[in-house]
Amino acid sequence: MKALRYLAASVAVLIALAPVYWLITISLKREVDQFAYPPQWIGFHATFAHYAEAFGGGSFAIYFLNSVALAAMSTLAALLIGVPAAYGLARFEWPRRWDQRVGDWILSTRMLPPIVTIVPLFLMLRGVGLINSLAGLAIVYTGFNLPFVVWMMRGFFEEVPREMEEAAMLDGESRSGALVRIVLPLVKPGLAATAVFCLVFAWNEFLFALILTQTQAAMTLPVGIASRVTQYEIQWGAMSAAGVVAMLPVLVFASAAQKYLVRGLSLGAVKG
Amino acid sequence: MKTRRIPAGFVPEGLPWVAPSVTVLLALSIYPLIFAVKLALTGAGGAPTFANFTRLAHDRVFGAAAAQTILFTLGALAFEFGVGLALALLIDSLARARSIFRAAILVPMLLPPVVAAVCWRLIYNPQFGVLNGTLRRIGIHTSLTWTNGESSALASVIGVDIWEWTPFIFLLLSAGLQAIPQEPLEAARIDGASAWQTFRDVTLPLLKPAMVLAVLLRAMDLVRIFDQIFILTQGGPGTATETVSLYIYRTAFRFSNFGYAAAMSFVLLIATMLFSRGVMKAMRAR
């Protein structure tokens, strides 16, 4: 009975990982082996040619850098704007439960389906010439990550006893000084986890990027991969290599923030 | 709570802290929403009209897309919940290596959705895909064309969603199980309750809040499904896997009919709001 449980759990793990493993093998196989029959799960001739093809001077290098820049910019902006709001909602006296109402409203904006706002956002950004630019997409991602930052950080701030800052402020520290020097160091793990989720969201996001970046120069990694899939002739090797590169940072970051996965994911951090 | 009167000219101390966030969200969420209402209610000549909404009622493609979205949502949700719950209970019952199993099972959910869909393009391909190849190898000769077949496409796409998002239900329910206190479980055991009775009368009621939140969050995500279908089938073959999100996308960005797309998106918004109210309640209860 006990062995049976482990067997069942192992089967679940196998099903979860086999498709990912297959993607990795395709990215490493020579073209002749990629779709050989019988399928070669192990013992194939490995090559890094597809990685070189996709990223060495290939356009995937541009998409990769775009994705990195975009994730960094939008995360930083969301934290700079959102952390003070989270602190404000967690710490100050609000009349008529405004803190709760504003908090709920902020969270509800996160639940808007992207497809509802994408048409107006596309027209608005086109109007100001921010289509096909990283700046335009960074603004949209900031707006998307902001409710998440406020909601997550508010929870972390509420866990810090008020006496900590009050003592510092009695010693002559200003409110913002106390936040930066006393409170933020105490919530550092939570802040890091929040940042990780914002990075992952921006890195994984597809729909906004698909519509707002149509040119080679502005495309992100997911859009670049997708544009290869929908072409008539698919270069499976290069595409798989790009897919592997796209998933690695996410897996690394997510395992770093594992403790906070439940808290973050119940707010839909990975997928918009 | 507080019923103190607010003095005239009173400005809450926290206002300047919150104002930038509220401003950004007004500009990026609320203004686009109002913009969308205006788009949907404006005719070709700029005159106000309800035409976009009346057209919606007679649009067969929209009807089919809505029906497929509902089918997709219910089908995927039923499987993801059943399998997710079973997996959470299974892993929770293991004596060792729990965290390794847990981490491995979570992988599909963490992948960029585009990458997950690409994996399944490689697997499903009827000519050289590994699925048919492996089936043939073990003696099952199938002519199933998975995402390429008119009748099998929707089920195949649902299959990918089950693979990708069962881990999400699993994660939330695992956390719910871990949060259940030991005392009532032990009390039930001392009273001589069977494993099934303990599960039904102790575990299940205590797990219910986590279940409700998991299902609502998943449902909210499923009704707006886009990425995976876009990569796997683009809504095809024909319109076999067209969902509301995909139809909105095509209407707006292939046919440049922004007004009609905006009108359709409100149907999706209302569907989402049905779930999001529940989500907010469930989250505040935690």
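**Note on a predicted two-chain model**

1. Chain B and chain A bury about 8,300 Å² between them, and 81% of that area lies on carbon and sulfur atoms. In chain B, the residues that lose the most area to chain A are B:Trp17, B:Leu110 and B:Leu122, which together account for 10% of what that side buries. The contact draws on 95 residues of chain B and 94 residues of chain A.

2. Chain A contains 14 helices and 0 strands. Its C-alpha atoms fill a box of roughly 75 × 65 × 30 Å along the principal axes. Of its 272 residues, 57% count as buried. Among contacts in chain A between residues at least 6 apart in sequence, 74% join residues at least 24 apart.

3. The largest nonpolar core has 189 residues, and those with the most contacts inside it include A:Phe157, A:Phe206 and B:Ile231. Helix α7 of chain B (residues 153-178) gives the most to this core, with 14 residues. From chain A, domain 1 (1-47) and domain 2 (54-265) each supply at least three residues to this core.

4. Apart from neighbours within four places in sequence, A:Phe157 is in contact with several residues, among them A:Val83, A:Tyr87, A:Arg91, A:Leu179 and A:Val187.

5. A straight helix of 28 residues would span 40 Å, whereas α9 of chain B spans only 34 Å between its end C-alpha atoms. α9(B) bends by about 45° at B:Lys208, and a proline, B:Pro209, follows within four residues.

Definitions and conventions
Residues are numbered from 1 along each chain as its sequence is written. Chains are lettered from A and ligands numbered from 1 in the order in which they are written. This is a predicted model: local features need pLDDT of at least 70, side-chain atom pairs count only at pLDDT 80 or more; totals for chains, interfaces and linings use all residues. Side-chain values use heavy atoms; hydrogens and water are left out. Helices (H or I, at least four residues) and strands (E, at least two) are DSSP runs, numbered from the N terminus. The expected span of a helix is 1.5 Å times one less than its number of residues. The bend at a residue is the angle between axes fitted to the seven residues ending there and the seven starting there. A nonpolar core is a set of buried Ala, Val, Leu, Ile, Met, Phe, Trp, Tyr and Cys residues joined through side-chain atoms within 4.5 Å. Buried means under 20% relative accessible area, exposed over 50%, partly exposed in between (1.4 Å probe, protein chains only). Domain bounds come from an automatic or database domain assignment. Contact means heavy atoms within 4.5 Å. Buried area is the accessible area (1.4 Å probe) that two parts lose on being put together, summed over both.
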